[in-house]
Amino acid sequence: MEPIKTDIVVVGAGPGGYAAAFYAADKGKKVILVEREKRLGGVCLNAGCIPSKALLHATHSMRDMEHSTERGVAFSKPKIDLDKLRGWKNSVIAKLTQGLAGLAERRGVEVMQGRGYFEDSRTLRVETSKGQKFVNYDQAIIAVGSRAALPAAFDLGNKRVMTSTEALELEEIPKNLLVVGAGYIGMELGTVYATLGSTVVVTEALPNILTGVDSDLARPVMRYAEKAFKEIRLNTKVAKMATSGKQIKVTFTVEGKAKEESYDRVLVCVGRVPNCKDLGLENTKAALDEKGFVKVNAQMQTGDPAIYAIGDVAGGALLAHKAMKEGRIAVESILGEYSTSENVVIPAVVFTDPEVAWCGLTEAEAKQKGIAVQVARFPWAASGRAITLDRPDGLTKFVIDAESERILGVGIVGVNAGELIGEGVLAMEMGATARDMAESVHPHPTLSETLMEAAEVFYGYPTDTFVQKKRTPLP
Amino acid sequence: MDVRVPRLAEGVESATVANILVAPGDRIEKDQVILELETEKAVGPIPSPVSGEVSRIHVKPGDEVSVGQPLITLSESGAAATAPAPEAKPQPAAQAKSVRPAAAPEPARAAPQAAGEYRYQSAAGAPPPAAPSVRKIAGELGIDLTRVKGSERGGRITIADLRSYIAALQQRPADGAPAAAPTAVAEEKHAPQAIDFSRWGPVEKKPITSVRRTIGQRMYESWHTIPHVTQFEDIDITNVTNLRKQYGPELAKKGKHLTLTPFVLKAVVAALKKYPIFNSSLDEATGEVVYKNYFHIGVAVDTEAGLIVPVLRDVDKKTLADLSQELNALVERTRKRKVSLDELQGGSFTISNQGGIGGGHFTPIINKPEVAILGIGRSSLKAAVKDGKIEARPILPLALSYDHRVVDGADAVRFIGELVGVLENFPEDLLKD
């Protein structure tokens with residue numbers, strides 16, 4: 001069979017893959033986008049960011065209405081129509097994935113549905129529903145992503161043991177739900193199910209929830225979780241799971257002692273694994289690192305000069321926006337432009353209640369690496385806007401290089417922290433100092449003021465709170 | 001205290017960190033080697049000026065560093081740091097004195113920073129502050145932003161800062177060590193599109209060494225700025241061969257091995273004395289020719305790392321036997337990369353002898369800022385006409401490349417004629433020890 005010739009083939013149509021394919025097409029390249037699933041968008045659109053945020057939004061309204069009674073506006077108890085909620089969530093997905101298909105078409109990106117397999121460094125075999133196709137490319141971009149890990153010990157072949165993918169299907173609201181893993185996925189989905197009425201227990205092997213997040217930023221989330229969840233068990237390992245009638249019998253190990261409990265459903269959120277297998281990578285010169293991710297350089301190029309890898313499959317933070325940026329870096333490198341993944345600021349957001357968002361250097365990292373920094377915190381209890389929202393449980397902080405006053409890191413916890421962090425990213429990318437932030441006028445009354453005020457805290461002159469120590473101005 | 005990059009050698013302003021031999025927390029003694037710098041053409045050890053404990057290392061292997069830049073920070077010998085205050089009080093002056101003079105030379109720090117010497121430093125390891133758009137342009141031009149001084153708050157680099165940095169680079173002479181950057185810019189700009197050779201078969205990639213890079217830059221610059229002409233000649237060296245047979249064994253007993261090169265060195269000096277234009281340099285800035293009244297001859301040495309040219313000083317003042325011995329030692333040290341930076345500078349003429357490994361006529365490239373170079377091939381028996389008869393005689397191929405801006409063809413013929421004259425009738429008294 002005559003192979004199909006193309007400039008660039010992108011394998012996987014998640015955010016990284018479609019961003020790369022669209023950008024390459026916009027730059028005049030002939031692009032084939034290969035996707036195993038019927039719908040474009042990958043995990044993010046179909047079983048990750050988008051459906052989880054749709055459900056979080058719906059449940060957030062419920063929580064807000066409940067608190068409203070205290071503010072003198074009472075609503076009747078919400079009625080949950082699970083089919084309708086699921087239907088709305090699915091319509092959000094459908095709208096976005098169809099949008100992508102349209103965008104691909106308008107750019108002349110050929111979408112090929114099927115599993116891609118590298119025959120050699122220049123040939124991708126695609127198993128489509130109409131038989132095999134061979135694509136002969138100049139450059140390939142691997143963007144096949146990752147999937148939720150389900151350790152063999154938990155894989156009972158029982159749908160009552162779910163990963164995030166199944167949990168987002170929202171088949172039912174279990175009476176009792178165990179969430180294994182208090183990382184951001186476990187905490188987000190635990191929040192959704194708890195609000196919908198499940199009795200939720202979260203268990204975590206490590207001593208903290210949201211590992212990697214500064215403790216002062218995680219604290220408000222912990223405070224919420226303590227109320228919303230029946231229990232949060234830290235330092236606890238799940239030893240075993242077994243089917244027991246219509247329930248799952250779970251054996252925990254707490255301080256060396258075994259403990260058994262039964263749950264209607266279990267949600268396993270213990271990390272994600274790259275989809276590197278069955279790709280035919282062994283037929284190319286691309287290599288994997290010790291954790292099983294595809295090894296790439298700062299131009300996202302693998303050990304095979306014709307093959308690039310981006311997003312989750314290339315390791316690092318498993319975030320859609322990181323994949324999208326890497327997609328652009330790969331395309332720019334292919335086009336011979338200067339582009340590098342070095343020193344790119346990648347923000348992270350946890351959509352819990354309240355949200356946590358940060359970028360750059362965290363306080364804990366600075367401490368661990370022995371970097372001398374100053375931290376300026378502005379508590380939202382001093383923010384007019386936060387108080388009118390009845391959400392003073394937030395904090396905005398900067399990690400600042402004491403010598404140059406440059407902003408090295410930004411951390412926010414509070415409602416809409418995810419929306420606020422963008423300004424922090426821009427500040428960092430622009431090399432802004434705390435002075436730049438303090439002198440930029442922010443609209444009143446908004447939560448964005450907390451960024452300005454946190455910078456003012458650094459100098460000792462915030463308007464809405466008082467700081468004893470004043471900073472000596474730079475010469 | 002900080003241990004800074006000391007003055008390296010005349011005209012050498014920067015170096016590459018080759019090896020770091022200490023780690024944070026190490027206790028080191030005064031004069032202990034803390035790291036090695038690869039400079040121009042040699043690897044040089046950097047000893048610590050004082051004893052102390054390594055508290056920080058500011059560089060990593062591969063970093064380019066400039067004179068005066070801090071390399072490591074030492075917390076001075078335990079006593080100073082931990083001694084109770086009263087004890088230290090009576091003699092603060094003495095203490096300061098005992099440490100300061102030993103420290104790396106101050107001048108570099110005191111001297112105003114030229115554009116090329118600035119280096120951005122961040123204790124947090126952050127990149128220089130600049131907007132993504134500015135970083136992208138710098139990347140495209142191959143400009144290292146750590147060298148650009150930012151004018152805005154926190155040292156942020158604006159597009160205007162980048163422009164003035166580029167302008168400053170372009171104003172600097174193409175000659176001399178600190179000017180490596182503009183060539184780098186040009187090279188990056190003209191970097192050919194990467195070709196994927198693995199399409200045609202297995203390949204292996206190795207990074208080029210800094211010696212190789214230096215050779216490349218030097219050769220490229222010489223080839224592109226000097227109009228080269230190469231004059232060929234064959235010389236009958238029967239006379240020299242006989243002298244070597246006659247004096248060689250006796251000198252060998254004294255441990256001095258008489259090779260051909262010293263004879264050529266002496267002949268070259270004789271020719272340089274007669275035609276001083278070959279011992280000159282062209283000062284392109286002033287338009288003057290600088291005649292040198294000394295005879296320091298560079299000798300090209302083939303090393304594992306690549307071509308290195310150490311310089312023999314005052315060749316005119318040394319005996320043939322001493323030259324022979326000195327040359328052997330110099331070549332040996334060069335091959336082991338033990339040659340000092342000063343030994344690589346100040347040549348007034350260069351010879352490149354390929355005879356040891358073979359070779360006929362070739363076209364050597366002038367070792368700028370010199371104006372000529374003599375290439376020597378391997379001598380072999382060839383049919384020559386002597387007194388009307390054909391005889392087999394040892395013939396040495398010579399090739400003289402010269403800078404046609406300074407030297408004309410007629411000069412070259414005369415110069416080679418003098419060389420031939422000296423080598424065919426080599427003055428025997430030069431061999432007397």
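Where in chain A is A:Pro445 found? A:Pro445 sits in the loop between helix 12 (434-439) and helix 13 (449-459) of chain A, where helices (H or I, at least four residues) and strands (E, at least two) are DSSP runs, numbered from the N terminus. This is a predicted model, in which local features need pLDDT of at least 70 and side-chain atom pairs count only at pLDDT 80 or more, while totals for chains, interfaces and linings use all residues. Residues are numbered from 1 along each chain as its sequence is written, and chains are lettered from A and ligands numbered from 1 in the order in which they are written.

Back to that loop. The peptide bond running from A:His444 to A:Pro445 is cis, with omega near -10°. Another cis bond links A:Asp353 to A:Pro354, this time with omega about 0°. A:Pro354 belongs to the loop between strand 18 (348-350) and strand 19 (355-360) of chain A. For background, most residues other than glycine have a negative phi, and most peptide bonds are trans.

A:Asp278 is not a glycine, yet its phi is positive, about 55°; its place is the loop between strand 16 (272-274) and strand 17 (307-309) of chain A. A:Asp278 counts as exposed because it has 10 C-beta neighbours inside 10 Å. The cut-offs go like this: a residue is buried if 20 or more other C-beta atoms lie within 10 Å of its own, exposed if 12 or fewer, and partly exposed in between, with C-beta atoms placed from the backbone. A:Asp390 also has a positive phi, about 60°, without being a glycine. The loop that holds A:Asp390 runs between helix 10 (384-388) and strand 21 (395-401) of chain A, and with 13 C-beta neighbours inside 10 Å, A:Asp390 counts as partly exposed.

Next come two helices of chain A. The axes of helix 3 (residues 49-68) and helix 4 (residues 82-107) come within 9 Å and cross at roughly 140°; axes are lines fitted to C-alpha atoms, for helices over the stretch in contact, and angles run from 0 to 180 degrees between N-to-C directions. That makes helix 3 of chain A oblique to helix 4 of chain A (angles under 35 degrees count as roughly parallel, over 145 as roughly antiparallel, 65 to 115 as roughly perpendicular and the rest as oblique). On the helix 3 side, the contact includes A:Ile50, A:Pro51 and A:Ala54, and on the helix 4 side it includes A:Leu85, A:Lys89 and A:Val92. Residues are in contact if their C-beta atoms, placed from the backbone, lie within 7 Å.

Chain A also has an open sheet of 5 strands in the order 18-19-22-21-20, with antiparallel pairing; two strands pair if DSSP finds at least two bridges between them. Strand 18 and strand 20 (373-379) of chain A stand at the edges with a single partner strand each, so one side of each is left without a neighbour in the sheet. From one strand to the next, the twist averages 10°. Strand 20 and strand 21 of chain A pair over 7 bridges, and A:Phe378 stands opposite A:Thr396 in strand 21. Helix 11 (residues 417-429) of chain A packs on this sheet, touching strand 18, strand 19 and strand 22 (407-414) of chain A.

As for chain B, it has 12 helices and 19 strands, and 31% of its 433 residues count as buried. In chain B, 19 residues are in contact with 22 residues of chain A.

Conventions. Two residues are in contact if their C-beta atoms, placed from the backbone, lie within 7 Å.
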